[in-house]
Amino acid sequence: MKAAVISAPGTVEVATVEDPTPGPREVVVSVAACGLCGTDLHILQGEFAPTLPVVPGHEFAGTVVATGSAVTELAEGDRVAVDPSLYCFECHYCRIGRNNLCERWAAIGVTTAGGAAEFAVAPVGNCVKLPDHIRTEDAALIEPLSCAVRGYDILRSQQLGTRVLIYGSGTMGLMMLELAKRTGAAGVDVVDINPQRLATARTLGCSAAAGSADELDRPRGWDVVIDATGNERAIQDALGRVGKGGTFLQFGVADYAARATIEPYRIYNQEITITGSMAVLHSYERATELFAAGALDPEVFISDRLPLDRYAEALGRFRAGEGRKILVRP
């Protein structure tokens, strides 16, 4: 089969690799579409993935074409979206229900072969059947949506009527915008230096969109500030925009070397909460339900659908900040 392969830091190509074979409790999925994400850029840089080469792609959906000997829940022809999370279920964090912090954390498309390929293998327990009205290729959006749902689980103390500021209007920032509108925010402002992406935020109904928070009239700051960029400068600016009693959520994936500062006295004196959200946790099924209910419009969120042969080009376009969600299709 054909697959994108990251063979060394900075090196990616489409090559022929062995077809996957399912274990007893696994299925083989014929991939309909696979989304690109900031994590894929980190893997390309040599971060995250413990060893290379690896087939990337942790956001994918497709059709089951083979099942393991002990699989009864799914059959060939079933259309599924795949939760990429792989947990040990044995370590301290798994035992206390914090599986996304698993000491042996792994993920399809990060530590094992993923969906940037014609076929991918997944545990049957990671597959969620799709309702008939969802297009299979659009369901690649469910994994990033499940990460956004996890982000709002972290913000569960958010009260009705809060004011929210989101840094970044790429796919994840826009998803956080859509969820903020559904969780009782009084207003959701968006900051981005990309005018095309800001235009999409306006289309989706943000309260205000600007190239800098200085352009927005919130002298007391915001109740909730979310970084969806992973950019060091954006994070530093965002920390300074949290109002008294407010919460800062680090949602974007920053480089390992990124650094930001905040005065400890301010955290104490203004009762500021600083927290993070790591991937998916008990949120994939809920994201599927939200997606099925129309929480996202795929035609707005998906800007490009490219063939797998153009995977390197797709990564380059993503790195350059072009478009919104970019999908590759085998």
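In what sense do S11 and S12 pair, and over how many bridges? S11 and S12 pair in the parallel sense, over three bridges. Two strands count as paired if DSSP finds at least two bridges between them. Helices (H or I, at least four residues) and strands (E, at least two) are DSSP runs, numbered from the N terminus.

This is a predicted model, in which local features need pLDDT of at least 70, side-chain atom pairs count only at pLDDT 80 or more, and totals for chains, interfaces and linings use all residues. Residues are numbered from 1 along each chain as its sequence is written, and side-chain values use heavy atoms, with hydrogens and water left out.

## The six-stranded sheet

S11 and S12 belong to an open sheet of six strands, in the order S12-S11-S10-S13-S14-S15. The pairing is parallel. Strand S12 (208-210) and strand S15 (273-276) are the edges, each pairing on one side only. From one strand to the next, the twist averages 15°.

Contact here means heavy atoms within 4.5 Å. Axes are lines fitted to C-alpha atoms, for helices over the stretch in contact, and angles run from 0 to 180 degrees between N-to-C directions.

## The cores

The largest nonpolar core has 49 residues. Such a core is a set of buried Ala, Val, Leu, Ile, Met, Phe, Trp, Tyr and Cys residues joined through side-chain atoms within 4.5 Å. Ile166, Ile226 and Phe251 have the most contacts inside this core. Several elements give two or more residues to it, among them helix H3 (142-154), strand S10 (163-167), S11 and strand S13 (222-227). Helix H4 (171-182) and helix H5 (195-203) are also among these elements. Another core lies apart from this one, with 37 residues, including Ile6, Val27, Val54 and Val64.

Leaving aside neighbours within four places in sequence, Ile226 is in contact with Tyr152, Leu155, Val164, Leu165, Ile166, Tyr167, Met176, Leu249 and Phe251.

Of the 13 residues of H3, 13 are buried, so H3 is largely enclosed by the rest of the structure. Its length fits too: at 1.5 Å a residue H3 should span 18 Å, and its end C-alpha atoms are 19 Å apart, which agrees. The expected span is 1.5 Å times one less than the number of residues.

H4 has twelve residues and reaches 17 Å from its first C-alpha to its last, close to the expected 16 Å. Ten of its twelve residues are buried. Among them are Thr171, Gly173, Glu178 and Ala180. Gly184 follows H4, with a positive phi near 90°.

Buried means under 20% relative accessible area, exposed over 50%, and partly exposed in between (1.4 Å probe, protein chains only).

| Residue | Relative accessibility |
|---|---|
| Asp189 | 3% |
| Gly114 | 2% |
| Asn99 | 5% |

Asp189 lies in strand S11 (residues 187-191). Its side chain makes a polar contact with the side chain of Trp222 (2.9 Å). A polar contact is a pair of N or O atoms within 3.5 Å; within protein, one must be able to donate a hydrogen and the other to accept it, and residues adjacent in sequence count only if both atoms are side-chain atoms. Neighbours within four places aside, Asp189 is in contact with residues including Arg163, Ile166, Ser207, Leu216 and Trp222.

Gly114 lies in the loop between strand S7 (106-107) and strand S8 (119-123). Beyond four places in sequence, its contacts include Val55, Pro56, Gly57 and Phe119. Gly114 and Ile274 are 160 residues apart in sequence and 32 Å apart in space, C-alpha to C-alpha.

Asn99 is found in the loop between helix H2 (92-95) and S7. Beyond four places in sequence, Asn99 is in contact with residues including Tyr87, Trp105, Leu281 and His282.

## Strand S17

Strand S17 (residues 325-329) is mostly covered, with four of its five residues buried. Strand S3 (residues 26-35) runs antiparallel to S17 and is joined to it by two bridges. Gly35 has Leu327 of S17 as its bridge partner. Strand S16 (residues 302-307) pairs with S17 in the parallel sense over five bridges. There, Pro307 is partnered by Arg329 of S17.
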